[in-house]
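Please keep the sequence and the model open while reading.

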Amino acid sequence: MTLHTGWLATSGQTRQGTRHISVGATTPAAPLTARSGILPGTGDGKFRVGGLWMSGNGPMTATVYAGRAVVQGPAAQGTYPVTLDQDTVVTFADGDPLNARIDLVVLRVYDDQYDSSKRSEAAIEIIKGTPSAAPVAPAAPPVSLPLFSVKVVAGTSAGSNGILWSGTGIVTDLRVTTASVGGILPVYNNAAVPGSYPGQYQDNDNAHFLQRWDGTGWVAYPKEVGGIAANGTLPTGSYVGQFRETNGVLQRWNGTTWANYHPPYDHETITTGASALTGWTLSSFWARRTRNGVVTLRFSVNRVGTDITASSIGGIADFPLVTLPAGWAPGTTFDAVASNSLASGTATIYPYTNAQITLRDWSPNATIANTSGLNVSATYIQ
């Protein structure tokens, strides 16, 4: 195993080593620190991270494959670029007779100038966990990058079939990614790590969208600029007026919840333009027309002539009430409802030829007295 580290050894940094550790990758974490992480990429481009991968190759041994990383120390120490230039085998200790334990595989940097370790090098190490009925992984040592945790069940040894490398819950990939400043970080086990500056980007492979750090959280970039979020990608809205598609239904975030979106229906409304005809005065008029020609109207008139009394079967002479505003008459004859607090009847709305509304019948034996009011309402298509 050869682990190259930059500007760490007091002597012996070779040209080859310097070339290897020129990784050009520091995702800022603070003004003087960077994120520790693995440089992404694989030979075929099919996977996010291939460097420092680990797989079992024997009952109690595993191979850590070549790769490049940066390991951040305390701010005063700086960031250590590290390259493992060949695959390396690590060996796990036998399991405890009674309880399982969890071991931690780490990439660790020793720097005698700061830790008085008498070592100035990087190493792949296994940090042995404590056996327990409910084991947990040990803490990572200072200036190290966790790579994998491995569960070593009770009684595990080379003579007892060893570690079940393909078993569920045995090996956990803990590697995280890093990228050069200004680069888009490919998320890998670090989707929830806060950003370092507004305008930083990360590609969230789990959620399948690009995200931008806005100073307080990661915001899906297309959605931030008004794009419609795809089905299942946005449980909570980021701002009032944001849209998402949910099972074929367009929804709008109102600040509290997602509400099915009903676009405003284009319409025009008028309250003037109608004219009362002989024997009536107009007290109010209101009409609305949608873009597809559906008209709803209501008006009130008062009688200023002789009383109107219907026959025993509701018959009356035709009494023209109003003329509609220009352009608001129907394309054919429609009937409207006429009423007051005592009785009701029918008013006919004539088409564009005269655009009049005429009272045609009334409740049997009922009277519309002089000065009494009459309301007419209708909905029709032009």
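In this predicted model, Ala-179 lies in the loop that connects β13 (171-173) with β14 (185-186). With a relative accessible area of 11%, Ala-179 counts as buried, because that value falls under 20%. Leaving aside residues up to four places away in sequence, Ala-179 touches Ala-25, Thr-26, Thr-27, Ile-184 and Leu-185. Gly-232, which is 53 residues from Ala-179 in sequence, is 28 Å from Ala-179 in space, C-alpha to C-alpha.

Elsewhere in the chain, nine strands form an open sheet with antiparallel pairing, in the order β21-β23-β24-β31-β27-β28-β29-β26-β22. The edges are taken by β21 (267-270) and β22 (275-276), and since each has a single partner strand, one side of each is left without a neighbour in the sheet. Within this order, β24 (residues 294-303) and β31 (residues 373-381) run antiparallel and are joined by nine bridges, with Arg-298 standing opposite Ser-377 in β31.

| Core | Size | Residues, among them |
|---|---|---|
| Largest nonpolar core | 32 residues | Phe-299, Leu-321, Leu-324, Ile-357, Trp-362 |
| Second, separate core | 31 residues | Val-64, Val-90, Val-105, Ile-124 |

The residues named for the largest core are those with the most contacts inside it. At least two residues of this core come from each of β23 (280-290), β24, β26 (315-323), β27 (334-339), β28 (344-349), β29 (356-362) and β31. Leu-321, again not counting residues up to four places away in sequence, has contacts that include Trp-280, Phe-299, Ala-347, Ile-357, Leu-374 and Val-376.

Terms used:
Residues numbered from 1 in each chain as written. Predicted model: local features only at pLDDT ≥ 70, side-chain atom pairs only at ≥ 80, totals over all residues. Heavy atoms only, no water. Helix = DSSP H or I, 4+ residues; strand = E, 2+ residues; numbered from the N terminus. Buried < 20%, exposed > 50% of the residue type's maximum accessible area, 1.4 Å probe, protein only. Contact = heavy atoms within 4.5 Å. Pairing = 2+ DSSP bridges. Core = buried A, V, L, I, M, F, W, Y, C linked by side-chain atoms within 4.5 Å.
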